[in-house]
Amino acid sequence: MRIMTGRVARACASRPWRVLGGWVLAVVVSVVLIATFLGDALTSKAEVTTRTDSRRADQLLAEQRGSGSAPTDVVVVRSQTLTADDPAFQDQVQRLLQRARATGVLDAAAVAAAREDLPVSPDRHAVLVPLPVRSDDIEPVVELVEAADGQGDFDVELTGERTADRDFQELSGQDLREGELLFGLPAALVVLVLVFGSLVAGLVPLLLAVVSIVVALALASLVGQGFALSLFVVNMITGMGLALGIDYSLFILSRFREERAHGRKVAEAIGTAGATASRAVLFSGLAFALAMLGMVLVPDTILRSLAVGAILVGVVSVVAALTLLPALLALLGDRVNTLRLPIVGRGLGRPGGVQGRWWSRVVQAVVHRPVGSLLISVGLLLALAVPVLDLERGFAGMSTLPDRFPSKQGLLALEASFPGATTEPAQVVIDGQVTSPEVKAAIDRLRRDLEGDHRFGPATLEENDAGDLAVLSVPVGADAQSAQAVAAVRQLREELIPTAFSGVDAEVLVTGDTAENLDYFAIIGFWLPLVLVFVLGLSFLLLVLAFRTIVVPAVAIGLNLLSVGAAYGLLVLVFQHGYAADLLGLQRVDAIEAWVPLFLFSVLFGLSMDYQVFLLSRIHERYGQVADARGAVVFGVGSTARIITGAALIIVAVFCGFAAGELVMFQQMGFGVAVSLLIDATIVRSVLMPATLAILGERAWYLPRWLGWLPRLTIEPPATSGPGASAPASEPGRGAGVSSR
């Protein structure tokens, strides 16, 4: 690996204009691919790809009803002065239906069937108009409703599945522009300039990140032709592209500048950075991709889409850092340090200018009292993790959208005029001889039980002509994603139906949005431990191969789990319990998004492995030179502090952009990643890891003899001096978590 990355760096530096031209061509082609294919590759639908009760019920309904006939959205037409019996009110409703049919996005036959006996509100001042939308593009209906709203004495609002999908997609785009691009991108640039001390050096990693994002989006548009990707993949590629693209470039660029500060020629500095920092980047990118690969195992289209996006942009970021960056450095040379900042740029060009003296003092205090430092830090993280015991899983429904969106306005109108009504009722599908006395009696028992529970609305029963299938539609509240609806449908499945149909020869299944959520919770609960074992196992194996010890990998994994657990606990404290939520501009909700814990685990493990690899490789290298376990820890933390802290702050800034948006699911994801990396870059790196390694001493690098056959996958080059030898005088202050030789 060392020879390959060094040779690649030197080859790219020797032909910089060819490499640059190749990347420019790649960007141009990528822009064309994005404009041509990306729109068709994305979907707002979430789907599990395994067999569940709700999917089985949907198949039965599709076979019976055909596609496109069931209402997906509803229009609430209300007048303060007229009632539904007034001819002017009825004319308004009929004109609305005619115009809606003319849009061409509705099932005309189903609209015609629904024109009679439209539901009327208890006060007779509102009518509910069901709309079976057969197209994903509901924009013509939204425009129609917005034009009709406020005409005369009528208030007209629209809500439902297609409208909510449209609003979530629009909000996702707004968050991408305002949160990740207008907040995360400038914040990352500020951190880069402060870390490097010059504007040009800060812009280079940002340029590589943008290139990586564009190329990864193009690859995603091609992948999406094979199977549709969630629209949230764009947010993921953008956020991860900024984080990884900048971080990988940061480490390599830092190493190049250090080598130049020690007198190496430009070509030699590029080759040395390629043979050291680039190897660590390649290893970190591999670890990140493997961590994200765990999510691909889960049969969920959103998680798989996010994983695919993260892996694509991670791979492109590594390739750009290993090829495009050396070419740019060959062209820029020392001009990369131009436009220096007055204060933070004073140390540029001087050996030792990046030494983290403050962090060195902190870690010296820690290793002086390692046991106390370890106990206090572990106790703090465990205390932060305790609230995870209250974690509730759920989904963001229309009620979490800002009030300005049509589906949220329609939801409020629906709740006000039709209490208990819903656009997504729970559907109890009875597959059997529904005309038999036993099945009829069971259905009657179930309906009586439902009538006695205030959480359920009036149930309606449909039977097919053959008498072998019946559907009992049960409203569960206006927002089918709410915690109350989830609890009601869970009881319906686990208690009410088994009691009513005990001993009856019929298959009874429940579908609908809420039932699908319950099935999803079960899937996540099944796959979470498997993904944990998969990611932890691969991470342990990679670290064992890299450092040839079984102790350090176990320590690194244990400390990462502590930081992830603390992040989970803080998620519950802020989002479920509402602590500091208003202060931080975050929503208080009933539940954490069902996919967020599993996603956070994979992402946090992949990202934190970057810092562990750079830090441990420097400690390992120093230990091989001086055979002083505590001294190696102090040196490793101090020599990597500025770069690792800057890298962590960049990712924190990027994911704060997610948290600054209005999509609650991305608020939770951004907040979780940001606080976990802050914990990892401060408490874990400066206290827990040094204290643990100081206590273990030489035992930290223990490898059983029976594992001596393992291949040697080193990150840092072998030390030229054996244990006990002195390091070169220029060693302090050099390095970015990789070898400085």
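This is a predicted model: local features need pLDDT of at least 70, side-chain atom pairs count only at pLDDT 80 or more; totals for chains, interfaces and linings use all residues.
Residues are numbered from 1 along each chain as its sequence is written, and side-chain values use heavy atoms, with hydrogens and water left out.

Helices (H or I, at least four residues) and strands (E, at least two) are DSSP runs, numbered from the N terminus. Three strands form an open sheet in the order β3-β2-β4, with antiparallel pairing; two strands pair if DSSP finds at least two bridges between them. The edge strands are β3 and β4, each of which pairs on one side only. From one strand to the next, the twist averages 20°. Strand β2 (residues 73–79) is joined to strand β3 (residues 126–131) by six bridges, and V75 stands opposite V129 in β3. Seven bridges join β2 to strand β4 (residues 154–160). Within this pairing, R78 stands opposite D155, and the bridge partner of V76 is E157.

Strand β2 is mostly covered, as seven of its seven residues are buried. Buried means under 20% relative accessible area, exposed over 50%, and partly exposed in between (1.4 Å probe, protein chains only). In a regular strand the side chains alternate between the two faces of the sheet. In β2 both faces are covered: D73, V75, V77 and S79 lie on one side and V74, V76 and R78 on the other, and all are buried.

Helix α6 (residues 139–148) lies across β2, β3 and β4 and runs at about 155° to β4. Helix α15 packs on the sheet and touches β2, β3 and β4, its direction making about 110° with that of β4. Axes are lines fitted to C-alpha atoms, for helices over the stretch in contact, and angles run from 0 to 180 degrees between N-to-C directions. Contact means heavy atoms within 4.5 Å.

Helix α15 covers residues 406–417 and includes K408. K408 counts as buried because its relative accessibility is 9%. Leaving aside neighbours within four places in sequence, K408 is in contact with D167, M398, S399, L401, P402 and D403.

A second open sheet has four strands in the order β8-β9-β7-β10, again with antiparallel pairing. Its edge strands are β8 (460–463) and β10 (507–511), each pairing on one side only. Neighbouring strands of this sheet are turned by 20° against each other on average, direction ignored. Four bridges link β8 with strand β9 (residues 469–474) in the antiparallel sense, and E463 has A470 in β9 as its bridge partner. Helix α17 (residues 483–500) lies across β7 (426–431) and β10, running at about 170° to β10.

Two packed helices are described by the angle between their axes and the distance between the axes. For helix α2 (residues 16–41) and helix α8 (residues 199–223), the axes come within 7 Å and cross at roughly 45°. The two helices are therefore oblique to each other. Angles under 35 degrees count as roughly parallel, over 145 as roughly antiparallel, 65 to 115 as roughly perpendicular and the rest as oblique. The crossing of α2 and α8 is left-handed, a term used if the near helix is turned anticlockwise from the far one by less than a right angle (right-handed if clockwise). Residues of α2 in this contact include W23, V27 and F37, which belong to the set meeting residues of α8 such as V211, V214 and L222. The contact of α2 with α8 has 15 nonpolar, two polar and no charged residues. Ala, Val, Leu, Ile, Met, Phe, Trp, Tyr, Cys and Pro count as nonpolar, Asp, Glu, Lys and Arg as charged, and the others, Gly among them, as polar.

In the other pair, the axes of helix α11 (residues 277–296) and helix α12 (residues 301–332) come within 9 Å and cross at roughly 170°. These helices are therefore roughly antiparallel to each other. Among the residues making the contact are F288 and M292 of α11 and R304 and I311 of α12. By class, the contact has 16 nonpolar, two polar and one charged residues.

Y623 lies in helix α21 (residues 596–626). Y623 counts as buried because its relative accessibility is 17%. Apart from neighbours within four places in sequence, Y623 is in contact with D628, A629, A632, E698 and W701. The C-alpha atoms of Y623 and V633, ten residues apart along the chain, are separated by 8.2 Å.
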